[in-house]
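Please look over the model below before reading on. The numbered points are meant to be followed with the structure open beside them.

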Amino acid sequence: MHSAADAKQTILIVDDSAMNRALLADMIGEEYNIIEAENGLEGVGYIQTMGSAISLVLLDIVMPEMDGFEVLAVMNKNDWIKEIPVIMVSSEKASSYIERAYELGVTDFISRPFDANIVRRRVNNTLMLYAKHRALVGMVADQIHEREKGNSLMVAVLGHIVEFRNGESGMHVLHVSTMTDILLHQIAKRTNQYNLTTEQISLISMASALHDIGKISIPDEVLNKPGRLTDEEFERMKTHTIIGAQMLDDLPLYQDEPLVKVAYEICRWHHERYDGRGYPDGLKGDEIPISAQAVALADVYDALTSKRVYKDAYSHEKAMDMILNGECGQFNPFLLECFQECSEEIRGQLGTTSLTDHSNRTVDRIVESVARPEYTAASSRTLSMLEYERMKYRFFASMSNETQYEYTEDPPMMVVSDWGHSELNSEQVIKDPYHDKRILEAFGEEVLEQVHDALRNTTPEDPIVRMDFEGMVDGKMRWYHFTAHAIWSNDDIPAYTGSIGKMVDIHESHQHMVELQHKATHDQLTGLTNHAFARKTIVERMEAHPDHTFVFMLIDLDNFKQANDTWGHLFGDQVLRYLATQLKDSVRDNDIVARVGGDEFLMCMELNTDPRAPIARIYDSIGGEFEGFKISISMGVALARGESADYDTMFRHADQALYAVKRAGRGQYAFYDDMEDMLVEFDVKDTALSAIDLADLQDEKGATK
Amino acid sequence: MSLESCYEQFGGDLEGVRGRLLTDDRIKKFMGIFIQDTSFQLLIDSWESKDNAEAFRAAHTLKGIGRDLGFTPLCEASSALADALRPDENGNPANLEAAPALLDQTKDAYELIIGVISAELS
């Protein structure tokens with residue numbers, strides 16, 4: 001436990017006037033660590049990030065952004081008001097204000113003018129009160145925790161042993177323990193006769209786990225016999241009480257431990273009956289310790305309501321009847337009265353008991369009895385763990401260059417991690433972030449809407465949202481990867497209450513991806529689309545719009561081989577780049593221009609009008625000279641209309657048209673449609689792409705002749 | 001600087017302030033801070049830009065400071081001004097007509113105090 005003495009306590013002053021903050025800080029003095037917030041929103045931000053590391057809040061009422069009452073409302077909503085005391089400071093003297101402040105849970109109210117003595121005394125009193133209270137809750141919780149740890153372990157171990165040995169469910173020990181606990185609390189409520197303190201009860205319920213420990217030495221064939229036991233076997237079975245007690249007696253150490261003493265009573269006498277007809281010692285009435293009496297009743301009840309090798313489970317009502325009618329031996333009439341009074345609780349608890357519930361229930365109960373009832377929500381142990389988690393979280397957040405945030409829907413408010421708010425150049429606490437100017441500037445309305453919708457469309461089972469988007473940081477657009485977890489309430493109909501998440505700068509790796517993608521889809525020499533990617537894009541477009549008209553233009557650069565041979569390959573490359581630029585300039589941005597072979601290019605566009613005029617214009621725009629080399633192209637054009645046209649067919653048609661053009665002497669263009677009849681005579685192999693080299697070869701031969 | 005002479009000149013409540021702030025050093029320290037406090041300027045600016053809510057807050061702050069430091073005339077004037085500007089349920093000032101006169105009073109009180117403190121400080 002962290003105590004009040006080992007460090008300066010931190011006091012948060014929330015007031016919009018710097019002068020007031022200075023005055024209060026001066027009066028409170030140097031033995032405290034002072035944090036100042038200039039409006040309610042900033043104050044809430046501090047409380048959210050620091051939690052109960054803040055020992056006290058001095059809160060003004062009239063403030064911009066979020067006033068004092070709104071701060072109190074948020075503190076109530078998040079249960080902070082239970083852990084962090086608030087003193088209201090104000091020059092408002094209206095009793096309605098003061099009343100409202102107290103209703104919202106403030107501990108004290110200091111009105112203006114500030115009096116140094118009063119301020120100091122009120123602050124000290126409040127801190128003392130809360131420190132004492134926290135220490136008390138902490139001490140109790142720690143004690144219980146220590147004990148419960150042992151208890152849970154013991155219950156677990158014994159549960160396993162019992163389970164292992166006689167096929168009873170491990171829940172039996174747990175049920176007996178739970179029910180003993182409930183019974184004894186009921187008894188303690190009714191009478192002081194048995195001196196049952198909360199601690200004593202906790203001890204007995206824990207020790208009850210050991211009641212059948214002696215069964216470890218009973219042979220299997222007796223312990224797990226499905227049928228009725230013979231007299232001899234029953235005598236053997238009965239010895240588990242004495243053996244269990246003996247085991248505890250034989251413990252070399254811990255003889256003086258109260259736990260061991262109580263466990264001894266329980267082991268030995270949990271089969272005694274009030275009328276003296278039980279075993280092993282035939283004790284009567286209150287000669288039987290109350291611990292053993294309670295465990296005996298719990299043992300019988302759980303045995304009745306559980307399935308055993310020799311019987312089915314009885315209902316709660318049936319078991320109650322059997323016990324009250326004395327069918328399982330006589331019990332203390334007073335104990336039976338208590339049993340009846342808390343039977344519903346027993347039925348409920350045994351139905352739901354689990355190991356953690358058990359510990360929590362005991363902690364709850366004890367904390368409740370020593371502390372103010374409303375303080376059971378969180379012990380200081382939990383709080384210090386929470387503080388530790390926050391510290392860890394902040395540390396990792398600062399290491400990772402991630403922007404982390406917590407967002408609540410009501411009030412709409414976002415707290416951004418240290419690194420994040422310097423990265424975003426935003427406030428650390430952002431009110432209504434979906435409409436915040438800075439956030440809107442950074443990400444734009446569309447992205448925020450996407451995030452908003454994605455989070456709301458999650459479910460409690462699948463609350464994670466992941467997306468990549470661009471954000472404007474320091475005047476530059478950068479890519480971010482965003483991961484968030486939507487928070488849904490535990491209500492029957494879950495409500496979306498906010499989200500937590502982080503945003504990581506992935507700009508470099510994203511750029512790298514983009515570059516790789518570009519490399520994979522583009523021709524390195526000309527920067528045009530490559531054939532594979534052009535094909536993919538065109539197929540997609542044709543499938544998306546089967547009713548549109550697509551124009552395929554397959555282009556071959558005339559006399560390219562000659563350029564290469566005469567001026568070298570470097571020059572050839574330059575010519576290709578030059579042509580690529582001309583081709584690109586001849587069509588619209590959205591049209592496809594691809595390099596599909598050494599000096600072959602494909603262009604594809606959608607046209608709604610008669611293509612002849614535009615095609616002529618495109619063809620005419622290509623030409624001129626590049627450093628003495630005359631640019632001239634041959635072009636085959638094919639038109640795809642309707643669904644019968646697929647990419648490969650169209651490509652082949654354009655190719656055949658191009659071939660025909662080249663055969664006819666180059667430097668022109670032709671439509672496949674115009675030459676269909678003529679083309680029939682060509683072999684299918686005689687297409688431009690397969691025959692060009694051959695044609696060039698023949699040219700060469702012709703030239704050398 | 002003599003606190004007695006200061007408070008006498010602007011009609012402040014020195015006895016009360018001494019009772020609350022305990023030491024003359026603290027009183028002097030906060031008189032020094034008061035000179036630099038921007039609440040008055042905020043009051044004037046927001047009044048001129050017709051931001052009544054902000055003007056109310058500034059008057060309210062002045063009233064608090066005035067009370068803390070025993071600047072009785074300033075406290076009284078700004079208190080009356082704050083009441084006139086206090087937003088009602090609909091967010092409108094309670095008594096806007098009364099505000100200009102009260103603003104002048106506040107201004108006079110403020111300037112008197114600032115004048116005295118500056119003179120004493122120099």
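**Notes on the predicted model**

1. In chain A, five strands make an open sheet whose order is E2-E1-E3-E4-E5, with parallel pairing. Strands here are DSSP runs marked E of at least two residues, helices are runs marked H or I of at least four, and both are numbered from the N terminus; two strands pair if DSSP finds at least two bridges between them. The edges are formed by strand E2 (32-37) and strand E5 (108-111) of chain A, each of which pairs on one side only.

2. This is a predicted model, in which local features need pLDDT of at least 70 and side-chain atom pairs count only at pLDDT 80 or more, while totals for chains, interfaces and linings use all residues. Residues are numbered from 1 along each chain as its sequence is written, and chains are lettered from A and ligands numbered from 1 in the order in which they are written.

3. Within the parallel sheet, strand E4 (residues 86-90) of chain A is joined to E5(A) by four bridges, and A:Ile87 has A:Asp108 of E5(A) opposite it.

4. Which residues touch the most other members of the largest nonpolar core? They are A:Val57, A:Leu58, A:Val86, B:Ala59 and B:Leu81, out of 86 residues in that core. A nonpolar core is a set of buried Ala, Val, Leu, Ile, Met, Phe, Trp, Tyr and Cys residues joined through C-beta atoms within 7 Å, and buried means that 20 or more other C-beta atoms, placed from the backbone, lie within 10 Å of the residue's own. Because domain 1 (9-138) and domain 3 (401-512) of chain A both contribute residues, this core lies between them; the domain bounds come from an automatic or database domain assignment.

5. A second sheet of chain A is open and mixed, with six strands in the order E12-E14-E15-E13-E18-E19. Strand E12 (529-530) and strand E19 (669-671) of chain A each have a single partner strand, so one side of each is left without a neighbour in the sheet. Seven bridges link strand E13 (residues 550-557) of chain A with strand E15 (residues 600-606) of chain A in antiparallel fashion, and A:Val551 stands opposite A:Met605 in E15(A).

6. Between the chains, 17 residues of chain B are in contact with 16 residues of chain A, where contact means that C-beta atoms, placed from the backbone, lie within 7 Å. On the side of chain B that touches chain A, H5(B) gives the most, with eight residues.

Definitions and conventions. Two residues are in contact if their C-beta atoms, placed from the backbone, lie within 7 Å. A residue is buried if 20 or more other C-beta atoms lie within 10 Å of its own, exposed if 12 or fewer, and partly exposed in between; C-beta atoms are placed from the backbone.
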